[in-house]
Amino acid sequence: MAIVYDEERRIFSLHTKKTTYQMMADGYGYLLHLYYGKKLDASMEYMITCFDRGFSGNPYDAGADRGYSLDALPQEFPVLGTGDYRSTAFQVREENGCFGCDLRYAGYCIKDEKYALPGLPAAYGEGQTLEILLRDQRLGLEVTLLYGVLEECDVITRSVKVQKVAGEECGGKVYLEKVSSACLDFLHGQFDFITFYGRHAMERNLQRARISHGKQSVGSTRGASSHQYNPFVILARSETSEETGECYGASFVYSGSFSAEAEKDQYDQIRFVMGLSEEQFSYPLDKGEIFHAPEVVLSYSAEGFQELSCHFHQCVREHICRGRYRDRIRPVLVNSWEACYFDFNGEDIVRLAEQAAELGIEMVVMDDGWFGQREDDNSSLGDWEVNERKLGCTLSQLSDRVHEKGVQFGIWIEPEMVSQESRLYREHPEWALQIPGKKPVRARNQLVLDFSDSDVVQYIYDKICSVLRQGDIQYVKWDMNRSLADIYSGKTRQQGKVLYDYMKGVYSLLERLTAEFPDILWEGCAGGGGRFDLGMLYYTPQIWCSDNSDAIDRVCIQYGTSFGYPMSVMGAHVSAVPNHQTGRVTDLHTRGVVAMTGAFGYELDLGRLSEEEKEQVREQVAMYRRMAPLLQQGRYYRLSNPFEDSHGAWMVVDEDQKQALCSVVLLEKHGNMPVIYVRLQGLKEGAKYRDHATGAVYSGAALMAYGMPIPVGLGEYQSWQILFEEWEENRL
Ligand code: GLA
């Protein structure tokens, strides 16, 4: 049984394959957190200690018991107003401005399926649900804590439903000022907070910092999960490494503003809270109304980051990504963006298709610039009409011509945006998010459509559908190229709802379009990785990882991304040199090795390749096709830290441990350098492995215990790839 309830002690235990999560409704009706970690068959309430602590108040019903204080006790869902002064998970403002919510245990329910969330993405699939009902009688407010148990991938999910069940008799409307989805309290232990910070074109750098007294937080207030901080974080014991030690991962299944806070309190306890950002959030709830907080996916590993990543990779692949392409090998594509930017016509796209076909590339994507009057990034967003004058033909004719070359066809869209220089904006200026009387903040010279308004979403839905019906289209790249500002919708008097409702509008459009066109491969994008999160991955099984296509920077970007996301969801392309973002020159082999680790493609003018390069591309594509099942479905291991080491190294091993592909990129070269060794992982101890290229045979145990040297002649930015196959004879 994954969920066990001990009725006598009112203790709930959630068990996955290797972990246990435990909580207790105590005598006062507060829900105390007892444990999360290695699988246990024990009741942990003996860990709770109570004694009189100065300036840590006591609930009224504790009477003379001055030892009971919520300021010190570990809790499941701490609330502002109960005498807990740490980061809380829930804050409710009443009409008169006061914050006095007090939630008590009111019942539970266990269900034999994983819950879903209306209008929001959430992990799906075989699992169980525990619902715990908390009630504030005075406010007529019911809060249901939802726990999903995905046993096989050692995942516990959390979400929260808030319902106002009474009206005027309970003081009328309330405003939800903060609704976090998960809280984890640790009674003791030294923890590091590992976060993934970045910027446009350099996302998901790893930062590891000791959690010290006070609050440390990352998050986004941009209306998108952001390039700046990813909504995936790790809490790790100070000694935890790739292969050993305890760590907890938390990933927010949401693509808008968020917050992840870690706090070391006055008693050296650690609290972690994750959920919606409080900034510009104030959600009114009247009698009968319900609010759903997005989901947080939690996982624990006792065996280091490697194992933790593996849980998240499995969860994302099997319980988040959906659709026809979920388990399919993705087609190798060539994208027109870095090949020609806005400067193309239909002939150029057909030529690209012809060249693609010659090289074995399976799909051509016509990126930005095919609609309205769009010749640069200053106009036409919102005018989703094919620019037939520019293309020299209709979309249907173009897609036919591309298909005639034996190549699939994809297009780019940016549905949430509007250019002021567009027909749509001239007709409907009120559809853009902007504050009356204030000049809006512009970014990339564009404004954001008010997706909290279902009429706007409906209009865009119709427009995009009509485009997608015009041609035989197999792929769509869904872009989003600015942060939100000027949060004001003419459709509501409650502007504190808009950011959340905007995200729900985006999800509703994604849901409808992906359902209407189930055969299309959808790729998410927000100026590269500005919305790289489980919310988007629920609709688009891959996301363009970064606008930075430089192979050397990509080693770091993909390394950081790999902690919380499988390689199969990372769009990665070989682009031209000197690289358009960095000016760096790397050889074609290295660019291939790096891009091949993700959802592989090209993003350059194929016509400019030399015959020799074309031959190399043909080989790369063929190699990728052969290796794709291993690369996209195998178990991924990080073998170096490219932020610290002079090289990037990683490997992928298939489920049977019969095949492993190890890749190394030299990030810097110095005179008379020490030899670089890589220690392999994930092989069978008792097996021998043969280097596919040279025929040399190695012991699996030895490769993992002591590793192997990489070729000493490798120059800066050069790479080395070695395919190991289990050597069946002569077993050790
Ligand atoms: C964003 C994307 C790019 C490209 C451009 C087009 O920056 O990340 O890949 O599609 O928009 O304008």
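Leu-333 stands opposite Met-363 in strand 21, and this pair of residues is a handy place to start reading the structure. The model is a predicted one, in which local features need pLDDT of at least 70, side-chain atom pairs count only at pLDDT 80 or more, and totals for chains, interfaces and linings use all residues. Residues are numbered from 1 along each chain as its sequence is written, and side-chain values use heavy atoms, with hydrogens and water left out.

Helices (H or I, at least four residues) and strands (E, at least two) are DSSP runs, numbered from the N terminus. Two strands pair if DSSP finds at least two bridges between them. Strand 20 (residues 333-335) meets this condition with strand 21, the two being joined in the parallel sense over three bridges. Strand 21 also runs parallel to strand 22 (residues 408-413), with four bridges between them; here Val-364 has Phe-409 of strand 22 as its bridge partner. In a regular strand, side chains alternate between the two faces of the sheet. Strand 21 (residues 363-366) is covered on both faces: Met-363 and Val-365 on one side, and Val-364 and Met-366 on the other, are all buried (under 20% relative accessible area, with exposed meaning over 50% and partly exposed in between, for a 1.4 Å probe and protein chains only).

Next come two helices. Helix 3 (residues 346-359) and helix 5 (residues 395-404) pack at about 20 degrees, with their axes 8 Å apart. Helix 3 is therefore roughly parallel to helix 5 (angles under 35 degrees count as roughly parallel, over 145 as roughly antiparallel, 65 to 115 as roughly perpendicular and the rest as oblique). Axes are lines fitted to C-alpha atoms, for helices over the stretch in contact, and angles run from 0 to 180 degrees between N-to-C directions. The contact (heavy atoms within 4.5 Å) is made by Gly-346, Glu-347, Ile-349, Val-350 and Ala-353 of helix 3 and by Leu-398, Arg-401 and Val-402 of helix 5.

Elsewhere, six strands form an open antiparallel sheet in the order 30-31-32-37-34-35. Strand 30 (635-638) and strand 35 (697-699) stand at the edges with a single partner strand each, so one side of each is left without a neighbour in the sheet. Neighbouring strands are turned by 25 degrees against each other on average, direction ignored. Within this sheet, strand 32 (residues 659-666) and strand 37 (residues 719-727) pair over seven bridges in the antiparallel sense, and Val-665 stands opposite Ser-719 in strand 37. Helix 11 (residues 588-595) packs on the sheet and touches strand 31 (647-653), strand 32 and strand 37. The direction of helix 11 makes about 55 degrees with that of strand 37.
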